[in-house]
Amino acid sequence: MARVSMEGAHEKLLHLTFEEAEGTEPSENADNSSVQSSKFILWLQIFIFTLFTIGGQAAGTLLGRVYYEQGGQTRWIATLAQTAGFSILLPFICYPSTKNHNEDELTIHQPSIFVRALVYIFLGLFQVVNSMSFTVGVQYLPASTYSLIAGSQLAFNAITSFLLNGQKITAIILNSIVLLSLSSSAVIFQNETGDSGEISQKSLLIGFAATTFGSLGYALQFTFTELAFQKVFKSSTLKEVMKMSFFIGFFVTIASLTGLFASGNWRNLEKEMGEFRTGKSSYVINLVCSAIAWQLYALGSFGLVFKASSLFSNVVINLGTSIVPVFAMVFLKDRMTGLKVFSLLLGLWGYTSYIYQHYLDDLEAKTSEIKASDDQVDDF
């Protein structure tokens with residue numbers, strides 16, 4: 001009798017357990033659906049930021065090259081064009097956004113205006129030096145060569161991200177870094193004579209040094225930007241990305257204007273505009289379009305740091321530097337040599353390797369979730 005009662009109790013327990021499991025199935029399915037929806041939105045945002053980064057980078061680089069080829073000579077103006085587009089973000093920053101309970105709690109822990117200003121100015125100073133370095137690089141190098149050398153920031157960013165951001169460096173990511181670094185540096189072994197006329201060895205050296213210095217500076221700036229998102233700005237909204245891009249652009253523009261007037265180059269602007277080969281209107285259009293293009297680039301790159309990591313953002317930038325030579329060949333009639341094609345293939349291979357690592361990470365996360373669920377069922 002006791003045995004029957006024990007067996008009946010055991011069957012009842014199993015029955016209740018299955019009922020509880022069936023009862024929680026809709027909830028679990030809803031949670032899984034929510035997770036999948038969140039992942040889709042995340043990757044959609046990353047895709048959009050990637051388009052902004054690559055598109056802005058390509059357009060800004062080519063327009064900068066056109067500026068010099070058509071008679072532009074003022075470096076401060078070219079540097080100013082890389083940040084003056086910050087004003088297009090003003091409507092998005094001023095637009096009021098709805099807040100949920102979690103965002104209200106995060107607002108309590110937001111830094112003061114003084115701390116924000118210090119961070120923006122600090123990062124802005126980095127960008128002033130980097131922008132000027134890249135401006136010199138664009139002036140002395142063909143667009144394709146400049147873009148490929150600019151990708152050297154990835155290797156340095158991998159080191160700083162590992163030390164300061166806790167970035168995981170796997171064998172696949174290391175392979176991606178090596179491939180993309182080789183992609184950006186292989187072109188220096190080729191003598192450039194057919195892209196935009198004869199280029200002297202001195203000009204090539206100055207352009208290479210300036211672009212490399214700017215690349216290293218930008219790598220460090222991106223690492224500090226990720227650190228700021230992690231430790232200082234703890235908001236989870238995209239408006240934080242726009243604020244970062246807006247205020248850094250604002251401070252850099254002020255610094256560039258100061259440099260423009262302090263150097264006295266502003267006196268030559270009317271003459272430069274009049275001597276611009278394609279006319280004054282083309283001069284203005286070039287600078288306005290450059291400002292918009294570089295602002296999209298800045299917004300996209302900051303967004304990738306915010307949604308992924310500084311290393312991922314640099315991987316996308318390196319992909320862009322590998323693609324720009326194709327646009328330079330189409331629009332500026334640059335010569336696409338075999339070495340540049342080889343560099344492009346290396347860049348695409350490196351980017352694919354990095355994305356494959358993300359696929360493995362997602363697969364590992366899913367496997368861990370399934371294993372955790374199985375362990376919970378076994379406990380019953």
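Reader: Which helix holds F312?

Author: F312 sits in helix α13, residues 310–331. Helices here are DSSP runs of H or I with at least four residues, strands are runs of E with at least two, and both are numbered from the N terminus. This is a predicted model, where local features need pLDDT of at least 70, side-chain atom pairs count only at pLDDT 80 or more, and totals for chains, interfaces and linings use all residues. Residues are numbered from 1 along each chain as its sequence is written, and side-chain values use heavy atoms, with hydrogens and water left out.

Reader: Is F312 buried or exposed?

Author: F312 counts as buried because its relative accessibility is 1%. Buried means under 20% relative accessible area, exposed means over 50%, and partly exposed lies in between, using a 1.4 Å probe and protein chains only.

Reader: What is F312 in contact with?

Author: Apart from neighbours within four places in sequence, F312 contacts I46, L304, Y354, I355 and H358. Contact means heavy atoms within 4.5 Å.

Reader: A158 is in which group of buried residues?

Author: A158 is one of the buried residues of helix α7, residues 153–165. Just after α7, G166 takes a positive phi of about 70 degrees.

Reader: How do α7 and α9 cross?

Author: The axes of α7 and helix α9 (residues 201–231) come within 8 Å and cross at roughly 30 degrees. That makes α7 roughly parallel to α9. Axes are lines fitted to C-alpha atoms, for helices over the stretch in contact, and angles run from 0 to 180 degrees between N-to-C directions. Under 35 degrees counts as roughly parallel, over 145 as roughly antiparallel, 65 to 115 as roughly perpendicular, and the rest as oblique.

Reader: What is the handedness of that crossing?

Author: The crossing of α7 and α9 is right-handed. A crossing is right-handed if the near helix is turned clockwise from the far one by less than a right angle, and left-handed if anticlockwise.

Reader: Which residues meet there?

Author: From α7 they include F156, T160 and L164, and from α9 they include Y218, F222 and L227. The residues of the contact of α7 with α9 divide into nine nonpolar, eight polar and one charged. Nonpolar covers Ala, Val, Leu, Ile, Met, Phe, Trp, Tyr, Cys and Pro; charged covers Asp, Glu, Lys and Arg; the others, Gly among them, are polar.

Reader: And how do α9 and α10 cross?

Author: Their axes come within 12 Å, at roughly 135 degrees, and α9 and α10 are therefore oblique to each other. The crossing of α9 and α10 is right-handed. In it, T225, A228 and F229 of α9 meet E240, V241 and M244 of α10. By class, the contact of α9 with α10 has four nonpolar residues, one polar and one charged.

Reader: What about α10 and α12?

Author: The axes of helix α10 (residues 239–263) and α12 come within 9 Å and cross at roughly 135 degrees. That makes α10 oblique to α12. α10 passes α12 in a right-handed crossing. The contact involves V241, M242, M244, S245 and I248 of α10, with Q295, A298, L299, F302, G303 and F306 of α12. This contact of α10 with α12 has eight nonpolar, three polar and no charged residues.

Reader: Different topic. Where is K333 found?

Author: K333 is in the loop between α13 and α14 (338–379). K333 is exposed, with a relative accessible area of 63%. Its phi is near 60 degrees, a positive value in a residue other than glycine.

Reader: How many helices and strands does the chain have?

Author: The protein chain has 14 helices and zero strands. Of its 380 residues, 44% count as buried.

Reader: Where is confidence lowest and highest?

Author: It is lowest in helix α4 (residues 101–108), at a mean pLDDT of 48, and highest in helix α12 (residues 280–307), at 94. pLDDT is the predictor's confidence in each residue, from 0 to 100. The chain has a mean pLDDT of 79, and 79% of its residues reach 70 or more.

Reader: What about residues 1–24?

Author: pLDDT stays under 50 over residues 1–24, and the model has two contacts for them beyond four places in sequence. Where pLDDT is low, the predicted coordinates should not be read in detail.
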